[in-house]
Amino acid sequence: MDAEGLVEVVLPGKVEPEGLRIRHGAVPSAGPGEVVIRMEATGVSFAEQQMRRGRYYDQPAFPFVPGYDLVGTVLSTGEGVEPDLAGTRVAALVKVGGWASHVVVDAADVVPVPDGIGAAEAETLVVNGITAWQMLHRKARVRAGHTVVVHGANGGVGSVLVQLAQAAGARVIGTASARHHDALRDRGVAPVDYRAHDVAAQIRELAPHGVDAVFDHVGGSGIVDSWRLLAPGGTLVSYGSASTRDDEGSKQMPVLKLLGRVWLWNALPNRRRAYFFNVWAGRALARNRFRSRLRADLTQVFAAFQRGEVSAQIAAQLPLTRIAEALRLAESGTVTGKVVLNP
């Protein structure tokens, strides 16, 4: 096995980024049906920013090792796993556990990374790519000629959504702070300043007849504006409650409120649809279907990257041991793309 041993980051409780701890141990071994991945790249997602505040709606009890996804090379395989998998580069969506030099994963949960895609590049596309692809194609079914609104168009999921929507032939209106507008215009996106008081009015000017889809990660009361922007036949996909990241009180409440609104809107006869998207939906009930869809969709995202339709935006790369700095950078709102962690 590896001489260097295991290095992992532990979240001990509700702490500032500097309160995360580095722990050393023995490299784990693979049980039946499992593989050990030697991590090459993991990253900071919005989920971990919520978790360190105790705000992610189904996070495990403290202490735990965060890390939503990872890319690496299969180091060893357990009983019942194709031995040929050893030595191949794979990606995995794990929700927690990715911030470690070695990670044990069910072999059925790994997705091969095509040759020619670097580990850090692939890492930027795992959770963001799957989320964007499934919302766009499985929920909103965006097609050529559609007009869509992407909130946070320069963000991790937002930037992938923009590119996949354009690849599908859609026109994109994107909200972002003013400093990102030139970059969005260069990409063919119509930018709107989300800090302005009349965001919905600005979008209506650009799309007077309504839009075919809105992708909203902000939640809170602004979700009502997103719903009202839809044209008949349009779809709202809500995929988070970023507006409540720094709130106190129940972490379930913002999500339950959103679910309540979505349920009510769908009960009304108005020819529009709303979804609350959770990348993990369906996993508990139909694990094999969940896995095959995830594998198919991430494979599509990697193919879109290889065709040049999606770019891998790496904001910065830092070693795992500099996690406090990486988390501060990701939370600062000053970077475009993903903060990637290397072993």
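Does Val160 count as buried or exposed, and at what relative accessibility? In this predicted model, Val160 counts as buried at 3% relative accessibility, where buried stands for under 20% relative accessible area, exposed for over 50% and partly exposed for the range in between, with a 1.4 Å probe and protein chains only. Because the model is predicted, local features need pLDDT of at least 70 and side-chain atom pairs count only at pLDDT 80 or more, whereas totals for chains, interfaces and linings use all residues. Residues are numbered from 1 along each chain as its sequence is written, and side-chain values use heavy atoms, with hydrogens and water left out.

Val160 is found in helix H4 (residues 156–167), helices (H or I, at least four residues) and strands (E, at least two) being DSSP runs numbered from the N terminus. Leaving aside neighbours within four places in sequence, Val160 is in contact with Asn128, Gly129, Ala132 and Val310, contact being defined by heavy atoms within 4.5 Å. The C-alpha atoms of Val160 and Trp133 are separated by 8.4 Å, although these residues are 27 places apart along the chain.

Val160 also belongs to the lining of the largest cavity, together with residues including Thr124, Asn128, Ser159, Gln163 and Lys338. The structure holds two cavities of 30 Å³ or more, and about 70 Å³ of space lies in the largest cavity. On a 1 Å grid over the protein atoms alone, a cavity is a set of points where a 1.4 Å probe fits but cannot get out, and a pocket is an open set with protein on both sides within 12 Å along at least five of seven lines, lining residues having an atom within 4 Å of a point; grid points are joined across faces, edges and corners, and a volume is the space filled by probe spheres set on the points. The elements giving two or more residues to the lining of the largest cavity are helix H2 (119–125) and H4, of which H4 gives the most, with four residues.

The second largest pocket has a volume of about 220 Å³, and its lining includes Gln134, Lys139, Phe276, Arg289 and Arg293. The elements that give two or more residues to this lining are H3 and helix H9 (287–306), and H9 gives the most, with three residues.

Ser177, in the loop between E9 and helix H5 (181–186), is buried with a relative accessible area of 5%. Residues up to four places away in sequence not being counted, Ser177 touches Asp193, Tyr194 and Arg195.
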